[in-house]
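Me: I am new to this structure and would be grateful for a close look at a single part of it. Please describe that part in one connected account.

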Amino acid sequence: MKRYRNRSVFCKLATLAMTISLLILTGSSAQSDEPERAYPALTSSPTGKHRAPELTDVAAWINTKAIKMADQKGKVVLVHFWTHSCINCIHNYPYYKEWSKKYQNNKDLIMVGIHTPEFSSEKNILRIKEKVKENDLKFPIAVDNQTANWKAWYNRYWPCVYLVDKNGFVRYRWEGELGEAGYKKMSALLESLLNEKTETNK
């Protein structure tokens, strides 16, 4: 009987240890306080950087005509994934609008929102347009109803912000709500990219 009890305790401890390990591993993929580098899975260049995927299979464009990443050479591109029913995305609206206002006359920056639905009800383009107007969102928006761009960018969370440099390479990303701290850090990184010169033959 004593052996059985000892074995039972051992099993419980082993299970607890495995559970803790799993939580640590899964927790490490959540948002950190620091913006992270882009995923290695994005298309690599000979320089070891990762080129931003082209925007593809867009169901509709809102606030703009169709945009191609290939045409943005010499510009910094701020890309963010969102969906209109996501409360965390809604919490980021003030920061998106602040960037839009601050850089509205800066030809070296373009901000693109990629609206990827989490639920089928979020695919209604008229509804998306209503929400865009209701929340005074004036930046270009690509409606990603087939999740083609979500997959191409290897995106994982709503919301998520990416910074693409003037040569078309993804340099930074921020997963989850920005908050004041995230907004300040990404704004500083954005400014640093705007001050970089465009490299040639890349």
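Reply: The backbone nitrogen of L178 lies 2.9 Å from a polar atom of the side chain of N92. Such a polar contact is a pair of N or O atoms within 3.5 Å; within protein, one must be able to donate a hydrogen and the other to accept it, and residues adjacent in sequence count only if both atoms are side-chain atoms.

This is a predicted model, in which local features need pLDDT of at least 70 and side-chain atom pairs count only at pLDDT 80 or more, while totals for chains, interfaces and linings use all residues. Residues are numbered from 1 along each chain as its sequence is written, and side-chain values use heavy atoms, with hydrogens and water left out.

N92 belongs to helix α2; helices (H or I, at least four residues) and strands (E, at least two) are DSSP runs, numbered from the N terminus. With a relative accessible area of 0%, N92 is buried, a term that means under 20% relative accessible area, whereas exposed means over 50% and partly exposed lies in between (1.4 Å probe, protein chains only). Leaving aside residues up to four places away in sequence, N92 touches P159, G176, E177, L178 and G179, where contact means heavy atoms within 4.5 Å.

The axes of helix α2 (residues 87-102) and helix α5 (residues 179-194) come within 11 Å and cross at roughly 30°. Axes here are lines fitted to C-alpha atoms, for helices over the stretch in contact, and angles run from 0 to 180 degrees between N-to-C directions. Helices α2 and α5 are therefore roughly parallel to each other, since angles under 35 degrees count as roughly parallel, over 145 as roughly antiparallel, 65 to 115 as roughly perpendicular and the rest as oblique. On the α2 side, the contact is made by N92, Y95, E98, W99 and K102. From α5 come G179, E180, Y183, M186, S187, L190 and E191.

The wider setting is as follows. The chain has 5 helices and 7 strands, and its elements run α-β-β-β-α-β-α-β-α-β-β-α from the N terminus on. Of its 202 residues, 43% count as buried. Among contacts in the chain with a separation of 6 or more, 75% are accounted for by residues 24 or more positions apart.
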